[in-house]
Amino acid sequence: MTKLHPVPDTFAAHARIDRAQYETAYAESVKDPAAFWDRIGRRLDWITPYTQVKDVSYDARDLHIRWYYDGELNVSANCLDRHLAARGDKTAIIWEGDDPAESRRVSYRELHAEVCKAANLLTSLGIRKDDRVAIYLPMIPEAAVAMLACTRIGAIHTIVFAGFSPDSLASRIADSQCKLVITADEGLRGKKKVPLKANVDEALKRPNTNSVETVLVVRRTGGAIDMQVPRDRWWHALLADQPATHAPVACEAEHPLFILYTSGSTGTPKGVLHTTGGYLVYASFTHEAVFDLREDDVYWCTADIGWVTGHSYLIYGPLANGATTVMFEGVPNFPDSSRFWQVVDKHKVTLFYTAPTAIRALMREGEDPVRKTSRASLRLLGSVGEPINPEAWEWYYRVVGDSRCPIVDTWWQTETGGILITPLPGATDLKPGSATLPFFGITPQIVDANGAVLEGAAEGNLVLTDSWPGQMRTVYGDHQRFIDTYFRTYPGTYFTGDGARRDEDGYYWITGRVDDVINVSGHRLGTAEVESALVAHPQVAEAAVVGCPHDIKGQGIYAYVTLKTGVEPTDALRKELVAWVRKEIGPIATPDHLQWAPGLPKTRSGKIMRRILRKIAENQPDALGDTSTLADPSVVANLVNERLVR
Ligand code: 6R9
């Protein structure tokens with residue numbers, strides 16, 4: 001039996017949105033979306049007010065998605081300039097360094113001045129509206145400055161997670177043809193240095209990266225790096241000479257805002273493109289409603305800016321709302337596993353948003369590291385990135401939140417720009433493990449494998465029947481891939497790639513990906529990416545990768561590798577291959593298990609049957625299902641006998 005956690009009285013009485021308001025506004029939002037979003041869109045400052053709100057067709061032959069499309073605005077002006085009069089001295093960013101002795105507050109006025117200088121700097125380097133800028137920075141205030149400076153001049157940023165390898169960085173630069181890279185000398189996480197500038201140097205030796213004219217380097221650690229003149233320039237040196245005023249450029253609502261690469265089930269990561277108006281309306285509105293944001297809240301989202309959560313709910317949503325947002329450079333277990341809660345106490349954090357993998361890792365350390373802190377400032381907790389198991393939910397609720405703070409389990413994706421299925425703290429009774437109900441304007445549907453719509457309590461594939469302003473608009477440079485990936489599987493709907501169950505109360509329970517994407521510690525990885533890294537090794541003939549259950553990460557990476565004829569499968573080679581993948585993609589792609597596979601289970605047409613490999617990796621050899629269609633059923637017995645998880 002699921003335990004129900006009713007809306008706490010504190011929230012029922014004072015929340016921005018109570019249950020009756022949710023029900024009324026939700027009904028309105030799906031009955032007349034244009035009227036609803038017309039009203040919501042006015043929360044932003046428009047340079048040219050829109051008169052047209054929505055123009056959407058999900059028909060694959062005529063696919064288009066436009067919101068507020070005759071309006072013009074500027075994102076940085078909405079995140080900064082319009083707050084100056086009333087909130088100029090309010091803290092915009094509380095920066096907490098890797099070292100607990102280091103922290104800094106940046107006011108809206110200071111942030112505005114820095115962003116103006118940076119916008120002038122980018123312009124002086126020849127960056128114009130529509131140019132692409134790669135940001136490969138650690139979690140330092142300069143990252144926010146760089147993002148906002150791009151938006152101020154209409155340049156399109158593409159942030160590459162600072163944990164990614166030179167190859168991953170290079171492929172993103174090559175795909176988006178960036179003119180500028182903004183990086184730091186080194187990053188710092190748990191006292192460990194990350195050689196960011198050296199990684200950029202490596203990346204820029206790869207093919208198709210010579211679009212890059214300039215590399216701007218922020219000094220973070222002061223570590224020794226190579227500066228290649230005239231390509232490489234110091235951020236602080238150039239910034240110092242720039243004026244602290246800048247007139248924001250008017251951008252059409254559908255002007256591209258950023259590209260963020262994310263893994264899909266096939267091929268290389270795709271460049272998810274978000275646009276200016278709809279994205280900012282959606283990020284700011286969801287941030288205010290889901291977190292029940294108040295003027296004096298101190299809001300902390302632990303996500304890195306390299307992920308979509310770091311875009312929408314660390315920077316754009318909170319700053320558009322004039323909130324105080326905490327940016328944390330470090331890791332949850334340095335100096336010790338009490339760090340998160342020490343930071344909560346130090347900065348009096350009221351709203352805290354993190355990922356289930358972090359909760360599970362901290363849960364393993366027991367209650368003491370939490371109990372020895374106060375956490376009295378907290379009033380709301382959030383979860384994002386993967387399904388949260390009810391045990392972790394209850395621990396988060398009882399230990400971290402002292403059974404006082406509601407938890408918003410927010411389901412969404414890089415593609416969706418913002419939260420789609422979520423509780424509202426003043427409106428929704430909570431069920432641990434359920435993302436609960438759709439946000440305003442969101443119309444989920446559950447369909448079976450053939451696309452038949454399932455009504456009532458049901459389990460199947462999750463699709464959305466209509467658009468919302470924050471939806472991605474295209475795959476950068478490959479619109480056909482956008483259509484094929486999301487709009488062909490179940491015609492007339494957006495296919496999420498997730499499975500879901502709807503219970504008798506209409507609550508949604510996300511069951512995880514139904515495609516070849518695995519979710520490692522809340523980070524998406526395509527099995528195809530890990531496979532192509534493996535087969536790039538000279539001794540590997542073939543590889544198949546699947547997800548497997550993992551206590552902390554949610555899912556781990558289980559790789560089956562067939563070596564070239566004559567190559568000995570040794571422990572040394574196994575280690576080498578694991579290190580190879582880590583180097584090719586980045587530490588998050590490190591395989592947890594690597595099993596030698598003399599043969600892989602394939603259909604007669606040569607397709608690898610991952611269903612079987614998944615069951616073996618899950619240690620369920622009795623649940624392999626039908627293996628009669630295999631070209632050579634005998635390979636399965638070997639894989640089962642040699643399986644690494646028992
Ligand atoms: C925001 C983000 C998206 C995938 C998504 C789903 C999983 C995210 C979830 C969740 C269950 C939640 N996911 N939030 N599953 N409950 N609250 O994480 O974007 O990195 O693109 O990942 O993550 O499988 O499809 P992204």
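## Terms and model

A residue is called buried when its relative accessible area is under 20%, exposed when that value is over 50%, and partly exposed in between, with a 1.4 Å probe and protein chains only. The structure is a predicted model, in which local features need pLDDT of at least 70 and side-chain atom pairs count only at pLDDT 80 or more, while totals for chains, interfaces and linings use all residues. Residues are numbered from 1 along each chain as its sequence is written, and side-chain values use heavy atoms, with hydrogens and water left out.

## Annotated binding-site residues

An unreviewed UniProt entry carries the annotation "binding site" for Thr309, Asn333, Ser521 and Arg582; such annotations may be inferred rather than shown by experiment, and the positions are given in the numbering used here, with feature names shortened.

Arg582 belongs to helix α19, residues 571–584, where helices are DSSP runs of H or I with at least four residues, strands are runs of E with at least two, and both are numbered from the N terminus. Arg582 counts as partly exposed because its relative accessibility is 43%, and beyond residues up to four places away in sequence it touches Pro587 and Thr590, a contact being heavy atoms within 4.5 Å. Thr309, in helix α12 (residues 308–320), counts as buried because its relative accessibility is 10%. With residues up to four places away in sequence not counted, Thr309 touches Cys301, Ala303, Leu314, Tyr353, Val384 and Trp412.

## Around the ligand

There are 17 residues around the ligand, and Asp409, Thr410, Thr414, Asp498 and Arg513 come nearest; a residue is near a molecule if one of its heavy atoms lies within 4 Å of it. By class, this shell has six nonpolar, six polar and five charged residues, where Ala, Val, Leu, Ile, Met, Phe, Trp, Tyr, Cys and Pro count as nonpolar, Asp, Glu, Lys and Arg as charged, and the others, Gly among them, as polar.

Arg513 places a polar side-chain atom 2.8 Å from an oxygen atom of the ligand, and an N or O atom in the side chain of Asn519 is 3.3 Å from a ligand oxygen atom. At Glu386, a polar backbone atom is 3.4 Å from a nitrogen atom of the ligand. The protein covers 96% of the 530 Å² of accessible area that the ligand has on its own, as computed by the Shrake-Rupley method with a 1.4 Å probe. The elements that give two or more residues to the shell are α12, β20 (407–410) and β26 (508–513).

## Three further positions

Lys90 is found in the loop between α5 (84–87) and β4 (91–96), and it counts as buried because its relative accessible area is 18%. Val181, in strand β8 (residues 180–184), is buried at 0% relative accessibility; leaving aside neighbours within four places in sequence, Val181 is in contact with residues including Ala134, Ile173 and Leu216.

Ala457, by contrast, is exposed, with a relative accessible area of 53%, and lies in the loop between β22 (453–454) and β23 (458–464). Apart from its neighbours within four places in sequence, Ala457 is in contact with Arg502, Asp503 and Glu504. Ala457 and Asp505 are 48 residues apart in sequence and 8.0 Å apart in space, C-alpha to C-alpha.

Notes
Polar contact = N/O pair within 3.5 Å; in protein donor to acceptor, adjacent residues only side chain to side chain.
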